[in-house]
Structures are given as structure tokens and as C-alpha cells.
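Dear colleague,

I am handing over the structure we spoke about, with the sequence alongside. Please look through it first; my notes on what was found follow below.

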Amino acid sequence: MSSITDQQIRSIDDLEVIIDTDFHLTERQEDIFPYLESPFDELLNSQQGDDYGYLGRVYPAHGMVYSVTIGKADSETVRTKEDIQKGRDLVEWDKAIITPTQNLYLGAVHHDDLAAALATAYNNWLLDEILDPENGLYGAAIVAPQKPQKAAEEVERRANEDGIAAVMIPSGSVDPLLGHESYYPLYDACERAGLPIKMHNAAGTMMTRFPSTWQAMNRALPVHATSHNMMHQTNLADMLTRGVPERFPDLNFVIQESGLGWYPYFMRRFDHDYMGAKWDAPMLDKRPSEYLKDQFYVTSQPVEGLDDPQYLTETIRHFEGGDSLMFSSDYPHFDFDNTGELLKMLRSEFTSEEIQNIYGKTAERVYAFD
Amino acid sequence: MSESTQPDPDQSNIHHVIAADDISDGERIIVDITGREIAVFHSNGEFYALSNYCTHQGGPACEGLLSGTLDVDGDDELAWACDDEIVACPWHGWEFDITDGTHTASDDYRLPTYDVHILDGELYVEL
């Protein structure tokens, strides 16, 4: 049955339903300020004062120059149902889970109580002016991670409203991290309401909390499992953007101790962004992934997915590891890899030459043994 | 552009677009020629014709911002380049050089280009 069904789907017209799970509004402060409740309504809607052109912005701005801010990409305004229809005509969904843009930065708002009030105001606006479940317009109620108990109350208040299909945590700048017990009342409220929690970051807010995030990861497991590849990604992104491999074309780099799967992902993610932002990395003469393949090498330990040969062999293929992967043990660290473990996986997929490369021949070329 | 050639306007692959004087320098016109959306730019004294269909995801590539781009000079310092010769597809900001259709970052995504002829002040595109 399934194969017959699969054959029938030749275009999006053959799909039973299209649900867009992240369709954004581009709300402005002035859209939601009228929906503030006391005491922030009285405080912020007085129409008095002077903000010098920027002090009135309660959402922190990163100030980065994007293709949208310089006009090289258009971002449609989506602040009304009519605006939504324009995007719907393009994307052709039947239903959408409508999400914010400005309020992706809610978790970075400095005033905790105001942040909670802004979540309430946004949800008021969303329900009053945007959502229309009979017409497929569903939304996520947002909550302020700065005030988890108020967030739980916000969920309880919105749980039975028509059109609310999820809860969204603007997760990019949470402090503490989302494992902290202070969030348990929020999770309990969402669980009881049957509402999934959407976690959505904003690129401009994520690293604002990194020092405290590091401090907050008070166990070894989350630090070890995430920090190696995160740090490599941020360093590689910076080196590529500023043209380090172009400026030093005879210099090789070796990336260590971070596992493998993130690396082919990063190659493609960075290429993807680069294609729309060549002007932001003008030193480069070829795709970022090509510099990585030409001048960067990866060492194997700690190999993830040893119990999943298909995953591991495909992952290594995805970054042409036959030329760039080098065996490492990490001995005597607690997560060292024994020499034969990786070999068991490689034998079924890779040529003898490639395996010889991975276990030593590539290293002979990269390192200055002579 | 090839103003020097003298095409026969009666040829089936030569299509009249507009009087050349009706596109000011820095402006563009987008026309439908036998079902193809083609943009004709007038930039820095030259005319260029390109497909308006972005080879990335099908956006209206030639309807976006016409400007230049950031490049590096001989000292590897940031420098403005190709002024009024780079059009950015409004969907994803992919930049194309209108003089030859190339993407600024990759040879894999070129916009098709067409020869432009001017005959007696009238502008023609050759398909």
C-alpha cells in the first residue's frame, strides 16, 4: 500500500495536507503594546517621554548587518491576516502554526516582569487579530522564560483558546538552561494542556548567554556532548568568513575530539548561508566546504554511532573522510577509542586505500614527520 | 550587448522590447517574451538581458535590489565593487552579476543571459 501511495505523490498537489510548522509574523512593538495589561499598559503607553530614537526598544537588537537589512533580500511584512494570505499563496499550506519574529528575542528582554507582560500582550494580539482556526491559522502562545511560574499561568490561561496549538519558548537566550527545575511548572502546565513546546532561537540572541550557559551546565555530560562541536563550528565559521584559508593557502588545520556527524552538516549549512551572503565573506574564492576539504582534517575519536554502520559510513562519505579523516585514540582519556573499533565499520564500505589513509597514510602527509 | 551587429528585426528569434531611450540608466524592464520572463537592465551605459527566474528556488531574481557588492581590494581590505551591476534575488538575497549572469559565489547557478541589440533606437532581445 505504501509504495502505491508513494508513487501517487508527484507534486505538492498530491499531498493530503500541508501544515507549515513555522510561519512567521513580523510583529512590531507597536502592534502588541496596545495589548499590554496593567501595570505595563499605564507605564509604556503614556505616549510621553523621549527615547532618543532607540531607548524605547525593549527587545535587544544585535546590530548585525543581514541581507534583509541592506535590501539584498526582501522580507515581507506579516502583521495582518491579509499579509498572511500573501505568504500562504506562495507557500500553499492548508494550516500553519504561526510564530513571531520580534518575540524570538523575548528571552533577552532585560526586565523580567516586562518580558512576561509582553508575552501576554503578544498572545492577546495574536488571538484578537491573527488566529483564525476555521481558516487554518493556528498559533503558538509564547511565554517568557525569565518568569517560569508566570509562563505556566500564561499557558493555563491560553490552553483552551481556539487556535492555540502549541506553546513557544524563545529559547535562544534562556538563563538558566531549559533543564532547570524552575521550568518544571511550565512543562507541567503544557503537558496537562496537551500542548507541545516549540523551541525557537533567534540568531542574534543565542551567544549573549554563553558564559552563564557554561556556568549553568553543572554536570559533565551536557558539557562534553555539546561543547566540542559547538566551539569548532564557531571557530570554523569565523575563520572561513574572514578568509583565513584563503590568506594562508599552504596551511593545514586538524579538528579534534568532536565526533563526526556535525562536520558534514556544518559544511552544508555554511555553504547554504554563504550562497546568499557572498558579500559578507568576500575573501573567499570558492565554497566554504571546498576550503574545508582542501585544508582541514578531522580526527576520529570519539566516533559516535558505532552501533549504526550505515549512519557512520555515510557520515564519513559526506565529508570525503577517505581523504581527510585520521584515526585517533585519545588514550588515556575516559572516552578513548580502541584501534579496531572504527575499522570494523570501515571494512564494509571503504577501499583498502581509504582505510590505509584513515589509519595513517593521511597523517603521514599532514604532519611534519621528516 | 552588441550594438554593432545589425539584426534583422523580422527574424523569429529577435524580439522588440522598447525604445532604448525609455529605459534610463539604472533602471530595468521586465517583459514576457514567448512565455519567458526576461529582465532588460540599463546599467553604466550598457544594456543586459537576463532570465527573471532564479536558478536557486525559482524566485523573481531580477526584481530585487540592483546595487554593487562587497569585495576586497589588492590589500585585502573591504571595498565596494561592481556598482549597479549586481542584482539580488528578493527571495534569498542570492547575488547575480547582470553583465554575465554569474552568481557571485558559485559557477553552478548562472542566470541565462540574452544578447541585446539596438536598431534605429529600438531595443531587441535575441532568444
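To begin with the overall layout, the centres of domain 1 of chain A and domain 2 of chain A, taken over C-alpha atoms, are separated by 36 Å. These domains run over residues 2-208 for domain 1 and 219-366 for domain 2 of chain A, with bounds that come from an automatic or database domain assignment.

Please keep in mind that this is a predicted model, in which local features need pLDDT of at least 70 and side-chain atom pairs count only at pLDDT 80 or more, while totals for chains, interfaces and linings use all residues. Residues are numbered from 1 along each chain as its sequence is written, and chains are lettered from A and ligands numbered from 1 in the order in which they are written.

Chain A contains 16 helices and eight strands, where helices (H or I, at least four residues) and strands (E, at least two) are DSSP runs numbered from the N terminus. The C-alpha trace of chain A spans about 75 × 55 × 45 Å along its principal axes. Of the 370 residues in chain A, 31% are buried (20 or more other C-beta atoms within 10 Å of a residue's own; 12 or fewer makes it exposed, anything in between partly exposed, and C-beta atoms are placed from the backbone).

Leaving aside neighbours within four places in sequence, Val155(A) is in contact with Ala141(A), Val143(A), Val167(A), Leu186(A), Ala189(A), Cys190(A), Ala193(A) and Leu195(A), contact here requiring C-beta atoms, placed from the backbone, to lie within 7 Å.

In chain A, the axes of helix 9 (residues 220-241) and helix 11 (residues 262-275) come within 11 Å and cross at roughly 35 degrees; axes are lines fitted to C-alpha atoms, for helices over the stretch in contact, and angles run from 0 to 180 degrees between N-to-C directions. Asn229(A), Gln233(A), Leu236(A), Ala237(A) and Leu240(A) of helix 9 make this contact with Trp262(A), Phe266(A) and Phe270(A) of helix 11 of chain A.

Gly243(A) sits in the loop between helix 9 and helix 10 (244-247) of chain A, and counts as partly exposed because 17 other C-beta atoms lie within 10 Å. Beyond its neighbours within four places in sequence, Gly243(A) is in contact with Ala281(A), Met283(A) and Leu284(A).

Turning to the interface, 18 residues of chain B are in contact with 14 residues of chain A. On the side of chain B that touches chain A, strand 5 (66-72) and strand 6 (78-88) of chain B each supply at least two residues, and strand 5 of chain B gives the most, with four residues.

Finally, Asp120(B) lies in the loop between strand 8 (113-119) and strand 9 (122-126) of chain B, and counts as exposed because it has 8 C-beta neighbours inside 10 Å. Asp120(B) and Ile18(B) are 102 residues apart in sequence, and 12 Å apart in space, C-alpha to C-alpha.

With best wishes

Methods. Two residues are in contact if their C-beta atoms, placed from the backbone, lie within 7 Å.
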